[in-house]
Each structure stands twice: as C-alpha cells, then as structure tokens.
Amino acid sequence: MSDVTGADAKADTQRVISVRKCSTLNEFRECVSLQREIWAETDLEIEPTTMFVVAAHTGGQVLGAFDGDKLIAYTLAVVALHRATPYLHSHHTGVHPDYRDRGVGRMLKLFQREEALSREIRLIQWTFDPLELRNAHFNFNRLGAIARTYHPDLYGVTTSPLHRGLATDRLVAEWHLDSAWVIAAIGDIATEVGSSTAFASIEVPGELERWKVEDLQQVQRVQQHLREEFTRWFSRGYAAIRTRKTSSGTAYVLAPWSDF
C-alpha cells in the first residue's frame with residue numbers, strides 16, 4: 001500500500017485499519033514475527049509466543065492493529081501492582097515501518113486505554129528512551145502521559161541495532177487513564193498546570209539525530225546529560241509533562257507534580 005500524508009492519511013487509516021484483541025496462537029506468532037522485524041534482536045532477547053499467550057490469559061493485553069487480515073502493529077502488556085492497586089505495564093508497542101506516521105500507534109493506544117478502563121484499570125505504564133524525541137512527543141503531547149522515574153541502563157546493552165550499543169536508559173511513562181490531564185491530551189485540548197507553577201526544562205540539541213548516525217560519543221554525552229538532569233529534577237518532585245521545539249532543538253518541559 002502506498003504511503004499517504006496529512007488529512008488523506010488520517011482518513012485512509014480510519015477506513016482500512018481495525019484494532020482488536022489478539023486471541024489465537026497464529027496471531028501471537030504474527031506478533032513475534034513483527035517484533036523480530038522491528039527490533040531485529042537475537043533470539044535470546046525476543047519475547048516468545050508463550051509470553052503473548054501468558055499475557056492474554058492472565059489479565060494482560062495482546063492487542064493488534066490490522067490492515068484487513070494483515071497485522072501491522074501490536075501492543076503487549078502484562079499485569080502489575082503498585083502497592084495493592086493493579087495496573088498494566090505495556091512492555092512492547094510496535095508499528096510496521098510501512099505504517100508509521102499514519103495514526104496507527106495512537107489508535108492502538110486509545111484502544112488499549114478503553115480496554116483497560118472497561119476493567120476499571122486506571123493506570124498504564126511503559127518505558128521509553130529519552131533520546132527518542134518522537135516517542136517523547138507522542139507519549140507526552142499526544143497521549144498525556146507524565147514521567148517521574150528515570151532508570152539508567154535498565155535492560156543492559158542489547159543486540160538491537162535500534163539501541164546502537166548504548167546504555168538502555170529509560171523514562172517511565174505514567175498514563176493515568178481517566179485523569180483530566182489525559183482526557184485533555186487525547187481530546188487535543190490545550191492545558192496548563194497553573195500560572196504560578198515553576199516550570200523547568202531540559203534541552204536536547206537539534207543535532208542529536210545526525211549524531212546518532214555520525215557521532216555516538218556525542219550521543220553518549222547527551223545521554224549522560226539527560227540522566228543527570230532528569231535525576232536531579234525528579235528528586236525535587238518534578239515530572240516531565242511535555243516536549244516543545246526550541247531555537248536550538250527540543251526541550252523536555254517539567255513541572256512540580258503531586259496529583260497522583
């Protein structure tokens with residue numbers, strides 16, 4: 001299928017893409033195959049079919065986006081506990097490269113939200129690489145997630161070429177599904193934390209994407225800077241709530257956050 005852009009892309013996606021639960025062994029195997037294609041990790045780091053079976057049968061989620069009968073994206077989530085409150089940890093969300101920038105990921109996440117709320121689950125968490133600014137924009141600006149936890153090298157160095165041999169530093173996205181903040185974000189309604197709030201920002205150079213190809217030492221320096229800054233601000237009770245473009249690149253926006 002040829003790629004389309006703008007309003008046509010949105011209309012085309014809504015017309016042909018459906019999202020539903022995966023429930024058969026064949027669908028779980030298709031999720032594993034798509035996982036291999038996206039992350040290109042060695043077998044020891046690939047989540048096997050049995051993991052998808054377990055998640056589907058123990059209260060987690062295995063959700064798929066389909067173009068007709070073709071699986072083009074999936075989400076794998078497992079049950080977790082915060083003190084005595086259940087939530088979902090969304091371990092994987094992957095979209096086939098041919099279907100990116102067409103709203104498929106957002107369709108999948110919004111279906112995930114509705115399915116969780118139908119079971120009175122009000123929180124979904126997942127981790128993401130703070131060096132991946134497109135993911136950060138999606139998580140914060142488009143979904144309304146926040147982040148208050150930073151894990152240095154959470155998974156260790158992996159075999160995926162997407163990770164470039166770097167430490168797997170991760171932010172933890174908290175998606176409080178029925179909060180006013182999330183409802184505003186998914187409804188594209190502008191929100192403010194408050195005029196008296198002391199905002200902070202963490203700058204990411206505009207050269208980052210070029211450095212990922214040409215200069216990994218510079219990327220490591222940016223990673224170290226982010227590690228230090230997020231750790232410092234989180235220790236003061238701040239949360240990352242947005243990203244915004246600046247004259248020199250992109251900034252993470254943080255604010256004091258004690259609502260949840």
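Contact here means heavy atoms within 4.5 Å, and helices (H or I, at least four residues) and strands (E, at least two) are DSSP runs numbered from the N terminus. You are looking at a predicted model, where local features need pLDDT of at least 70, side-chain atom pairs count only at pLDDT 80 or more, and totals for chains, interfaces and linings use all residues. Residues are numbered from 1 along each chain as its sequence is written, and side-chain values use heavy atoms, with hydrogens and water left out.

**First stop: helix 2.** Select residues 25-39, a run of 15 residues. From first C-alpha to last, helix 2 reaches 21 Å, close to the expected 21 Å (1.5 Å times one less than its number of residues).

**Next, its buried residues.** Now pick E27, F28, C31, V32, L34, Q35, I38 and W39, the buried residues of helix 2 (under 20% relative accessible area, 1.4 Å probe, protein chains only). They lie on the same side of helix 2 because their arc around the axis is only 165 degrees, taken from the directions from the helix axis to the C-beta atoms.

What do they pack against? Show strand 1 (17-21), helix 3 (49-57), strand 2 (61-67), strand 3 (70-82) and strand 4 (85-95).

**Then step off the end.** Just after helix 2, A40 has a positive phi of about 55 degrees.

Conventions: Buried < 20%, exposed > 50% of the residue type's maximum accessible area, 1.4 Å probe, protein only.
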